[in-house]
Amino acid sequence: MSLGRLDSWKQQYYSTSGVVVGYALCSSLLAIINKYAITKFNYPGLLTALQYLTSALGVYVLGKLGILHHDPFTIPTAKKFFPAALVFYLAIFTNTNLLRHANVDTFIVFRSLTPLLVALADTAFRGQPCPSNLTFLSLLLILASAIGYVATDSGFTLTAYSWAFAYLITITTEMVYIKHMVMNLGLNTWGFVLYNNLLSLMMAPFFWFLTGENVQVFAALRSGIFDPAAFYAVSLSCLFGLLISFFGFAARRAVSATAFTVTGVVNKFLTVAINVLIWDKHASPVGLVCLLFTIVGGVLYQQSVTGAVSAPAQPKQLDIENNKGGGIGGGGGGDDDDFAGESDGTGKLISR
C-alpha cells in the first residue's frame, strides 16, 4: 500500500470513527440531558421552542455556508406540510411532559412500543402486508416486556402514564403520517427538518397561551430570579439537539445501515447504564430487566423488517422514521428515540 493511500485510509478511518463516536455520545446522552433540562427549567413549551429555534436556525445557517442542502421554505409547501408539523408538535409536546413526570426508563419503554402500533397502523390504514412470524414474535416480546415494566414500576403515577399513552398515540400517528406526507411532498431530509422545526416554532406561542405557561414565564421574568444551572441545562439541550442532527446524518453516510442500527441499539443500552449510574431516577432491577428485553425485542424487529424493505425505498424510510427534527429528547438525524428531531426523532429531529 502506497504512503498516500495509507494516509487517505487513515484519514477516512478516523473521520468515520469520530462521526460514529460523536453520534453515539449525542444519542445516548440526549434523553438524560433533556430530563435534566426539564427538571431545572420547568417550562416545557418555552424549552421546546428554544430547541426548534436552534435547529431551524442551525439548518438555515449551515445551508447558507454550503455545508448542507435543504429545500427552500415556501408558503405553498408550508401549507401542505402544516398538518404533519402539527402532529409532530403534539408528539414533542406529549414527549416533553412525559419526561417531566416520569423517568428516562419509562420514556424508552414507551418509545420502544411504537413499532407495534406502527405495524398495526400500516396494515390497517396504508394497505401494508401483515407482519411476518419473526416480526410478530418480536412485537409480542416488546409488548410483554413493556407490560412487565409497567407492572413493576414503583414510580407509577396516573399523570405520568397518561402522558406516556398520549405520547405513544401521537408519535405513532406522526410516524405513519409523516411517511405519507414526506413521500408526497418530495422533501429532502434537511428540508424536512427545516419545515418541521420552523412551523413548530410558529405554533409554540399558541400552546403557551393554551396551557397558561405564558403566565408562569412572565411571573418568573418579573421576579428576576436567574438560575445559572437552568441556563446551562437549556443551552446543552439545544446544542445536543443540533449536534445529533449533524452526527446522525453524517453517520448514516459513513457506515452501513446495519452498522448504524447496531450503533442505535448500543446507544439505548448506554442511555440506560448512564441513567442508572448518575442518579436515582430510574426503574427497579426487575423493571430494568424488562426494559432490556424491550430493547432486545426492538433489535429483533429491526432485523426482521430489514430484509423486507426494498433497496430503493430503504434510505428514505430510514430517514423519515429516525430523523425527526429538533425538539426535546432529540434533534434531527438521531436514532428512533430522539424526540425531536429522537425524535429516537427520529425522528427522535427529535424526534425523537
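The model is predicted, so local features need pLDDT of at least 70 and side-chain atom pairs count only at pLDDT 80 or more, while totals for chains, interfaces and linings use all residues. Residues are numbered from 1 along each chain as its sequence is written, and side-chain values use heavy atoms, with hydrogens and water left out.

**Overall fold**

The protein chain has 13 helices and zero strands; helices (H or I, at least four residues) and strands (E, at least two) are DSSP runs, numbered from the N terminus. Of its 352 residues, 50% count as buried, meaning under 20% relative accessible area, with exposed set at over 50% and partly exposed in between (1.4 Å probe, protein chains only). The chain exposes about 15800 Å², and carbon and sulfur atoms supply 71% of that area. Accessible areas come from the Shrake-Rupley method with a 1.4 Å probe, and for residues only the protein chains shown count as cover.

**Two helix pairs**

Two packed helices are described by the angle between their axes and the distance between the axes. Here the axes are lines fitted to C-alpha atoms, for helices over the stretch in contact, and angles run from 0 to 180 degrees between N-to-C directions.

| Helices | Axes come within | Crossing angle |
|---|---|---|
| α3 (residues 75-101) and α8 (residues 189-211) | 8 Å | roughly 60° |
| α4 (residues 104-112) and α6 (residues 133-151) | 10 Å | roughly 155° |

At roughly 155°, α4 is roughly antiparallel to α6. The cut-offs are under 35 degrees for roughly parallel, over 145 for roughly antiparallel, 65 to 115 for roughly perpendicular, and oblique for the rest.

**Two residues to look at**

Serine 200 sits in helix α8 and is buried, with a relative accessible area of 0%. Its C-alpha atom is separated by 9.6 Å from that of isoleucine 92, 108 residues apart along the chain.

Tyrosine 60 lies in helix α2 (residues 44-64) and counts as partly exposed, at 42% relative accessibility. Together with Leu53, Leu57, Val61, Leu65 and Ile67, Tyr60 makes a nonpolar surface patch of about 580 Å². Patches are made of residues with over 30% relative accessible area and no salt bridge: like charges are joined within 9 Å, nonpolar side chains (Val, Leu, Ile, Met, Phe, Trp, Tyr) within 5 Å. A salt bridge is a side-chain nitrogen of Lys or Arg within 4 Å of a carboxyl oxygen of Asp or Glu.
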